[in-house]
Amino acid sequence: MNDALRMLEAAPRLLFVYGTLRQGEPRHGLLGGAELTGMGLTPPDFHLVDVGPYAALVPGGTAAVTGELYRVTLAARRSIDVELEVPI
């Protein structure tokens with residue numbers, strides 16, 4: 001892996017969580033100590049859809065969803081996606 005790719009992997013980014021990854025929920029530990037930066041609220045433009053093991057935000061609705069914002073690395077996000085079996 002070259003230096004530029006390593007820097008991209010390590011650069012923190014924000015992750016919006018609104019389900020089982022929130023504080024007090026069963027999968028919160030998957031965030032591995034990521035820094036909570038605050039609360040977030042989406043615009044009222046979504047449908048919240050049950051897709052089996054997790055919910056998905058789908059554009060085109062009227063729901064606003066409250067969640068938490070965490071600062072995570074790309075590697076941490078990939079790890080969460082794999083653990084939750086999110087199609088990537």
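Which residues does Gly67 touch, not counting residues up to four places away in sequence? Gly67 touches Phe16, Val17, Tyr18, Met39 and Gly40, where contact means heavy atoms within 4.5 Å.

This is a predicted model, in which local features need pLDDT of at least 70, side-chain atom pairs count only at pLDDT 80 or more, and totals for chains, interfaces and linings use all residues. Residues are numbered from 1 along each chain as its sequence is written, and side-chain values use heavy atoms, with hydrogens and water left out.

## Overall layout

The protein has 2 helices and 5 strands. Helices (H or I, at least four residues) and strands (E, at least two) are DSSP runs, numbered from the N terminus. Read from the N terminus on, the order of elements is α-β-β-β-β-β-α. Along the principal axes, the C-alpha atoms fill a box of roughly 45 × 25 × 25 Å.

Of the 88 residues, 23% count as buried. Buried means under 20% relative accessible area, exposed means over 50%, and partly exposed is in between (1.4 Å probe, protein chains only). Among contacts between residues at least 6 apart in sequence, 63% join residues at least 24 apart.

## Strand pairing

Two strands pair if DSSP finds at least two bridges between them.

| Strand 1 and strand 5 | 5 bridges | Leu15 and Tyr70 |

## Residues in strand 5

Gly67 has its place in strand 5. Why does Gly67 count as buried? Gly67 counts as buried because its relative accessibility is 1%. Gly67 and Gly24 are 43 residues apart in sequence, and their C-alpha atoms are 13 Å apart in space.

Leu69 is also found in strand 5. Leu69 has a relative accessible area of 23%, so this residue is partly exposed. Leaving out residues up to four places away in sequence, Leu69 touches Leu15, Phe16, Glu35, Leu36, Thr37, Gly38 and Met39. One of these, Phe16, is 53 residues from Leu69 in sequence, with 4.7 Å from C-alpha to C-alpha.

## The loop between strand 3 and strand 4

Val51 lies in the loop between strand 3 (46–50) and strand 4. Its relative accessible area is 40%, which means that Val51 is partly exposed. Val51 and Tyr70 are 19 residues apart in sequence and 23 Å apart in space, C-alpha to C-alpha.

Tyr54 is found in the loop between strand 3 and strand 4. With a relative accessible area of 27%, Tyr54 is partly exposed. Between the C-alpha atoms of Tyr54 and Gly19 there are 7.6 Å, although 35 residues separate the two along the chain.

In soluble globular proteins, nonpolar side chains tend to be buried together. In this model, the largest nonpolar core has 9 residues: Leu15, Val17, Leu21, Leu31, Ala34, Tyr70, Val72, Ile80 and Leu84. Strand 1 and strand 5 (66–72) each supply at least two residues of this core. A nonpolar core is a set of buried Ala, Val, Leu, Ile, Met, Phe, Trp, Tyr and Cys residues joined through side-chain atoms within 4.5 Å.

Leu21, one of the core residues, touches Arg27, His28, Leu30, Leu31, Glu68, Ile80 and Leu84, not counting residues up to four places away in sequence.

## The largest pocket

How much space lies in the largest pocket? The space comes to about 420 Å³. A pocket is an open set of points on a 1 Å grid over the protein atoms alone, where a 1.4 Å probe fits, with protein on both sides within 12 Å along at least five of seven lines; lining residues have an atom within 4 Å of a point. Grid points are joined across faces, edges and corners, and a volume is the space filled by probe spheres set on the points.

The largest pocket is lined by 18 residues, and Tyr18, Leu21, Ala55, Leu84 and Val86 lie nearest its centre. Strand 1 (13–17), strand 4 (55–59) and helix 2 (74–83) each supply at least two lining residues. By class, the lining has 13 nonpolar, 2 polar and 3 charged residues. Here Ala, Val, Leu, Ile, Met, Phe, Trp, Tyr, Cys and Pro count as nonpolar, Asp, Glu, Lys and Arg as charged, and the others, Gly among them, as polar.
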